[in-house]
Amino acid sequence: MDLSLIIMQLFSGIALGAVLVITALGLTIVFGMLGVVNFAHGALFMIGAYAGLYLASLTGSFWWGLLLAPILVGAFGMLIELVLVRRLYGRSIDDPLLLTFGLSYILVEGVRIVFGSDGIPFPTPSQLIGVVDLGVGFFPKYRLFVIALVAVVLLVLWLMLEKTRVGLIVRAGARDPLIMRVLGVDIGKVWLAIFGLGVGLAALGGVLAGPMRSVNPEMGTLVLAEAFVVTVIGGLGSIVGAVVAGLMVGICISMVALFAPEMATIVMFALMAAVLLIRPQGLFGLKGRA
Amino acid sequence: MPNYETRLRRTGISRRTALMGMSAGVATLAMPRLGRAADDTIRIGFPTPLTGPFAAEARDQVKCAELAVKLVNDKGGVAGRKVELLVRDDKLNAGEAATRTLELIEKDKVHAIVGALSSAVQLAVNEVTRARGVIYVSISQSDTINEVKDFSKYTFHEALNPHMTTAAVARQTIKKGMKVAHLVADYAYGHEMLRGFKRAQTAIGAESVGEILHPFGAADYSTFMPRLMSLRPDVLCISNFGRDQANAIKQAVDFGIKQQMKIVVPVILHNQRLAVGPDVFEGVVGGANYYWGLETQNKTAAEFNKAFRAANGGAIPTDYGAYGYSGVGSLLQAMQAAGGTDTDKVIAVLEGLQYDLTKGPQHYRKCDHQSVQSVLVLESKKKSAMASENDLFAIVASDPGADEMLRSCGELGHAT
């Protein structure tokens, strides 16, 4: 087995991991800040792909779809928070879980009714068709773009949370909402924004995955499971955990695919089991949280 | 965030509610089932995966099966009796399919079962029908269902089998001395297709350079691509089904595989070609049981298309849809000839039945009940060559049905 093959495999793993990171991130932010396990995350990922496709065909450009879909679906997420999820804060964790679980069914059926159950072609944007010579082999341009874009989104998110006043309020709000309220911060608005951000990230993941996979109403089901695995490995609610675990899972799947391809999907769950045995709270999780 | 105690209390309540709900459910289940009133309707059970990755194909099957039933009922039914189709969602799950099939037989008192799309699921359905002595016409590709181990006198296989399709596709695409790589879904369908391709390529004199088994239902195939490219084959056979086919081909094309090698599939799927578009599928070659474009050269196909268009607002029937029509249609023809639903009489008729429902003459071979029929080899057209949005494929070959296409009865373990 030569080195160039292993390097190519590593790239495949990182590209795969980048998609995992972006979807797991939305899930973990919403859980970390609001304590809501969003079971509709996969369905919103799918909605993102359809919205991106629809907006791209409306404007004639993939880039508008990529930009607008996460914003619009994020706004839709805020509506969900306002109308549905908000009423369940402070209740046990399973109430919002059941709500979002039901919501995911409604969303999937809704898309089936509007767009049909068959897949819809989502062409790769013309600028990103083709492969790039990495020196060791050829790699699809589009997947390199996905890696780069995810890196940029992560950087922006990190700066926002760590370096801005808004980020400070968000982090403090997650620790102690009561004190924030006493200090005169409208915590409801913060929660609204956070839920919108989480949903927007799911939608971004969906648009990014569109040109790689076929777009269909069930495309979120598998993604939800993957995002949960990544979130659990990284530690529930941990952003750093989601990033590290996402890349780890992607690379792990890719490397296993090289030696034992039929095990490629199972390895993700094996990894989760192994991590949970050693650190039940996940790699970066806080004790007592899960 | 509520404190720990309130959380505990709340979970307690919901748990109690759940228990109450559960006991109510059990009570409903325990109530005696109302038996179905005896009537003389002929009922055909039709399990198919209406949800899941094969849903598009499944829905086409239902439409075609309903058409077959409607056409017969319009003519006064079978032996004067109305025919009813009972469609059930098998959820692409062998256990679910077995339960639904058993229900169809026990509760709905169906006279025969037609259907199932996944090779693994059809074997589960076959287990049940075999044990209950109910005729089962399978419309999913399988090699093993005709082998002695799985076969029963009640089992009929209307679909093509992996042996037939891979041989026909290999004949058109693989030449002596070529190097062939395989990407295969790791379940019954993939394994059988791989076996078929390897048998065909050995006969042709081509060499296998590698086989990669991928998990069934995977969304991302990129991790298999570097390895496949490093094998440097002339032909890549991708043996998977439904969305797996669309995703695998799409991602192979992304990696530039088509510039290096030819992509070949055992069964080229109408709906998956629609799902990912002409640019991705361009030049991909695969086998098929049916393609609507046959209508220009085949009278039966033209009639079938016409009837389907009339019933479905001008839409055309698809490959896997056609199986629903021929599976139910051949069974109803046999029931008509047998004068009713008597299982042994219908089996006797089916064994000698000559039928022509979608594409030309077909018959069930007596020893193993495999339908002997033509195999199409199709090539996906490039966008600029498409005359209409339904003009997806060019017909590369149409091998007429012959017993020699099949493995011999002796090889399958049947007494000859």
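## Strands, a helix and charged pairs

Biologist: Is D150(B) buried or exposed?
Modeller: D150(B) is buried, with a relative accessible area of 8%. Buried means under 20%, exposed over 50%, and partly exposed in between, with a 1.4 Å probe and protein chains only.

Biologist: What sort of model is this?
Modeller: This is a predicted model: local features need pLDDT of at least 70, side-chain atom pairs count only at pLDDT 80 or more, and totals for chains, interfaces and linings use all residues. Residues are numbered from 1 along each chain as its sequence is written, chains are lettered from A and ligands numbered from 1 in the order written, and side-chain values use heavy atoms, without hydrogens or water.

Biologist: Which residue forms a salt bridge with D150(B)?
Modeller: K149(B), with the closest N and O atoms 3.6 Å apart. A salt bridge is a side-chain nitrogen of Lys or Arg within 4 Å of a carboxyl oxygen of Asp or Glu. K149(B) is exposed, at 65%.

Biologist: How many salt bridges over all chains?
Modeller: The search finds 33. One of the pairs is E147(B) with R407(B), at 3.0 Å between the closest N and O atoms. E147(B) is in the loop between β4 and β5 of chain B and R407(B) in the segment after β15 of chain B, so the pair ties together parts 260 residues apart in sequence. Both count as buried: E147(B) at 17% and R407(B) at 11%.

Biologist: Which residues are linked in a network?
Modeller: E109(A), R112(A), E218(A) and R243(B), through salt bridges.

Biologist: New topic. Why is β1(B) largely enclosed?
Modeller: Because seven of the seven residues of β1(B), 42–48, are buried. Strands (E, at least two residues) and helices (H or I, at least four) are DSSP runs, numbered from the N terminus. I42(B), I44(B), F46(B) and T48(B) point one way, while R43(B), G45(B) and P47(B) point the other.

Biologist: What does β1(B) pair with over seven bridges?
Modeller: β2(B), residues 83–89, in the parallel sense. Two strands pair if DSSP finds at least two bridges between them. P47(B) has R88(B) as its bridge partner. β3(B), residues 112–115, also runs parallel to β1(B), joined by two bridges.

Biologist: And α2(A), how many residues?
Modeller: α2(A) has 19 residues, 41–59, and reaches 26 Å from first C-alpha to last, close to the 27 Å expected. The expected span is 1.5 Å times one less than the number of residues. Of the 19 residues, 15 are buried, so α2(A) is largely enclosed by the rest of the structure.
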